[in-house]
Amino acid sequence: DEFAARYGYGITTIDMRAQVEEARADDPNEAILDGLSEAARRSYFAALNGAAEAAAKFGEPPPADADAAAQPGCRPEAERAVFGDSLEKPPLPADLDALRREIDALRDQVARDPRVEAAAAAWGDCMAHAGYPELAHPDDAQLEIGRRLWQLYGLGLPAGMIEPGGSSRHGQNVPLVPAPRGDQEADPAALAELRQYEVAVALADRGCRPAYDDVVRDVRDE
């Protein structure tokens, strides 16, 4: 409740870029990098990420294959040592793939259960009574906020996001709402208004969702 009252769902109310910049400003490594010469900075990034990545960062043409192989970079080497080469990874075992299909089928079965559909409709009635008739299904709340956020930046919805009320994805996991990327900045007043909307919707959702979640849990367990 306290989080919802302050941040809503955390979609528009938490500026991740500002947090990253703040953390970077407090990072002593950044001060060290700022004190390096241009040549030393380039050498650092080549050692860290590899010759090819360093060339791209400094706007240079990519090195020849031999040069790139001689400087693979400490970070890529560490990632390969821990996680293996992504290009050489074998496919998922067949039994694991079958399990994934069973989980997806279970989720769809739960979503289509008449009890869950009735609970979702009751959630929509509850939200309409709270002043949000545009939200008809529990999945719609965060998706609607994400849709409005991307519209503020003059961007269309990315893959995986949907128009509220208009998709068969209901009952599946709600897609993550990524931060918009683009040259256009959102109007501060419009963004502030959307943040207020997000908090208000999240608080209303906190009151309407428990009954829906209870039904989903009971049907899924059954």
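Modeller: Here is a short walk through the fold, the helix packing and a few single residues.

Modeller: This is a predicted model, so to speak of local features we need pLDDT of at least 70, side-chain atom pairs count only at pLDDT 80 or more, and totals for chains, interfaces and linings use all residues. Residues are numbered from 1 along each chain as its sequence is written, and side-chain values use heavy atoms, with hydrogens and water left out.

Biologist: How many helices and strands does the chain have?

Modeller: Eleven helices and zero strands. Helices (H or I, at least four residues) and strands (E, at least two) are DSSP runs, numbered from the N terminus. The pattern along the sequence is α-α-α-α-α-α-α-α-α-α-α.

Biologist: And what share of the residues is buried?

Modeller: 26% of the 222 residues. Buried means under 20% relative accessible area, exposed over 50%, partly exposed in between (1.4 Å probe, protein chains only).

Biologist: What about the accessible surface of the chain?

Modeller: About 14,400 Å², with 53% of that belonging to carbon and sulfur atoms. The areas come from the Shrake-Rupley method with a 1.4 Å probe; for residues, only the protein chains shown count as cover.

Biologist: What percentage of the contacts join residues at least 24 apart?

Modeller: 64%, taken among contacts between residues at least 6 apart in sequence. Contact means heavy atoms within 4.5 Å.

Biologist: Let's switch to α10. How many of its residues are buried?

Modeller: Ten of its 13, so α10 is mostly covered by the under-20% rule. Those ten are D140, A141, L143, E144, I145, G146, R147, L149, W150 and L152.

Biologist: What covers them?

Modeller: The cover includes α9 (114–129) and α11.

Biologist: What is the reach of α10, first C-alpha to last?

Modeller: 18 Å, close to the 18 Å expected at 1.5 Å a residue. The expected span is 1.5 Å times one less than the number of residues. After α10 comes G154, with a positive phi near 70°.

Biologist: How do α10 and α11 cross?

Modeller: At roughly 180°, with the axes of α10 (residues 140–152) and α11 (residues 188–221) coming within 10 Å. α10 and α11 are therefore roughly antiparallel to each other. Axes are lines fitted to C-alpha atoms, for helices over the stretch in contact, and angles run from 0 to 180 degrees between N-to-C directions. Under 35 degrees counts as roughly parallel, over 145 as roughly antiparallel, 65 to 115 as roughly perpendicular and the rest as oblique.

Biologist: Which residues make the contact between α10 and α11?

Modeller: From α10, A141, E144, I145, R148, L149 and L152. From α11, A190, L191, L194, Y197, E198, V201 and D205. By class there are nine nonpolar, no polar and four charged residues. Ala, Val, Leu, Ile, Met, Phe, Trp, Tyr, Cys and Pro count as nonpolar, Asp, Glu, Lys and Arg as charged, and the others, Gly among them, as polar.

Biologist: A141 is in that list. Is it buried or exposed?

Modeller: A141 counts as buried, at 1% relative accessibility. A141 touches Y9, W123, L135, V201 and D205, leaving out residues up to four places away in sequence.

Biologist: And at what angle do α9 and α11 pack?

Modeller: About 170°, with their axes 9 Å apart. That makes α9 roughly antiparallel to α11. The α9 side of the contact is R115, V116, A119, A120, W123, C126 and M127. The α11 side is V201, A204, D205, C208, R209, Y212, V215, V216 and V219. The classes are 13 nonpolar, no polar and three charged.

Biologist: New topic. How do the axes of α4 and α7 cross?

Modeller: At roughly 10°, with the axes of α4 and α7 (residues 74–83) coming within 3 Å. α4 and α7 are therefore roughly parallel to each other. A47, L48 and N49 of α4 meet C74, R75 and P76 of α7. That contact has four nonpolar, one polar and one charged residues.

Biologist: What span should α4 have?

Modeller: 16 Å for its twelve residues (38–49) at 1.5 Å a residue, and its end C-alpha atoms are 16 Å apart, which agrees. Just after α4, G50 takes a positive phi of about 105°.
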